[in-house]
Amino acid sequence: MEACKDLGLDYTVIYTAADEESEHVRRCLDSQSNVRRAWRVSAYTDPNDILSVADHTKCTAIHPGYGFFSEDFRFARRVTIRNRPLTFIGPKWEVVKDLGDKINTKRVANRLGIPTIPGTDGPIYNEMEAEDIALHLLEIQDGQKIKNPSILVKAAAGGGGMGIEEVYQIEHFRRIYRQVQNYAKRQFGDGGVLIEQRIRDFNHLEVQLVCSRHGERVHFGTRNCTIQSTGRQKRLEAAPGFDNSCFSYDFNGQEVLDKVVEYSLKLAAHVRYDNVGTWEWIVTRDGQPYLLEVNTRIQVENDVSARVSYINNKHPNLIREQIRLALGDKMGYSQKDIVSRGASIEFRIVAEDTARGFAPWIGTISKFSYPQHDWSAVYSHVPTDRSYAIPSEYDPNLALALVWGDTMEEAKERGRKFLAEVAIEGSNAAGGQIMTNLPYLQENIARLLTF
């Protein structure tokens, strides 16, 4: 909404019944304009409902948000080829399709000489062939003196952590292989299996790219999102991806960051990427990077990168850039115009019990306040002037809080100060007091960018 206002564009927002009290809806209802900008849909995953609102309000473009349809190439294709076509705010659907397939991404990366996690780049259906690959991967790890070497056996058609088993000894491989293959056939209708080396000791990095439909490509540096919940949901993110003040690395941190940026741009050029995207990497303790996947969308942590980047001495708004470039604008700047300096941290404030596996807390918030500094920013759908019942239909995310400074140490100190000043009160139906991850965020600031 703010990016559209900045660009002089009108907008319409959608919401579900569970989200009616969210701040994005209230802001539309509180508008002085007589134009109705908020429309209710049955679900964020109902394309017919969403497109009927777009048609009724005469929208000419559609922003898919951070999730749901943002990486669904079928939705992106439908939007652009229907009788009343819309501009999809994202890459062209063909790119979403190609890079949304992790197997295809790995195959293309390997052809380009971009490192990926050792293992297969396509589904294996033959048990003997699979066992040979598994043995080879275990022998490589033995040669590298890796403690407790293991491999992962994955359902090729799976996702979201489903259909994955770990094998430590080759004697157990065939049993696990058959188990995963049978599961894959039942759940996904495809018995193809992937085999990869299990990598444990690593940092999770991201490279933020911005590209245009005119063949322009730039990067806004790297960020580190290693600190995650048990469900692999990110909780703290920081930029740049490595910093010598945080840890004594066994490698040259800047050289590794430069290399993953170079690889990311190489793949983007090959597929003619044409909008905002994130290249996800893992880097092992010895500095070896491996490409994990490509997120063909804007991510909620985009501002972590923007807060350490400057164009004409101003922080860029990457959502603004995403919209502008999708509408066909030229970039208007090149890599040499982007200056990177300082450090930034994002905290994902969530109503959850971190001591019980990050179990979600559902109830009503009676007080939600946070400090305002010239070195911090908050993005939240939670109102600050009234109570708010957390919708049970969605993850209980409350806010994204960003802090930044001239150095990582300064950003960390400001992060501690900011979190200490946040006040959240509330209770559930049983009278229990609200549980949030604020203490967890405080405790983990010291772990940023470390192995």
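Which residues of helix 9 are buried?

## Basis

This is a predicted model, in which local features need pLDDT of at least 70, side-chain atom pairs count only at pLDDT 80 or more, and totals for chains, interfaces and linings use all residues. Residues are numbered from 1 along each chain as its sequence is written, and side-chain values use heavy atoms, without hydrogens or water.

## Helix 9

The buried residues (under 20% relative accessible area, 1.4 Å probe, protein chains only) of helix 9 are Gly253, Val256, Leu257, Val260, Val261, Tyr263, Ser264, Leu267, Ala268 and Val271. They cover an arc of only 160° around the axis, taken from the directions to the C-beta atoms, so they lie on the same side of helix 9. An α-helix has 3.6 residues a turn, so residues three or four places apart point the same way.

Helices here are DSSP runs of H or I, at least four residues; strands are runs of E, at least two; both are numbered from the N terminus. Just after helix 9, Arg272 takes a positive phi of about 55°.

Eight strands form an open sheet in the order 12-11-8-9-10-15-21-19, with antiparallel pairing. Pairing requires at least two DSSP bridges between two strands. Strand 12 and strand 19 (376–379) are the edges, each pairing on one side only. Strand 9 and strand 10 (residues 234–239) pair over three bridges in the antiparallel sense.

## Packing

The buried residues of helix 9 pack (heavy atoms within 4.5 Å) against helix 5 (93–100), helix 6 (102–111), strand 8 (202–211), strand 9 (217–228), strand 11 (276–284) and strand 12 (289–295).

Technical notes:
Buried < 20%, exposed > 50% of the residue type's maximum accessible area, 1.4 Å probe, protein only.
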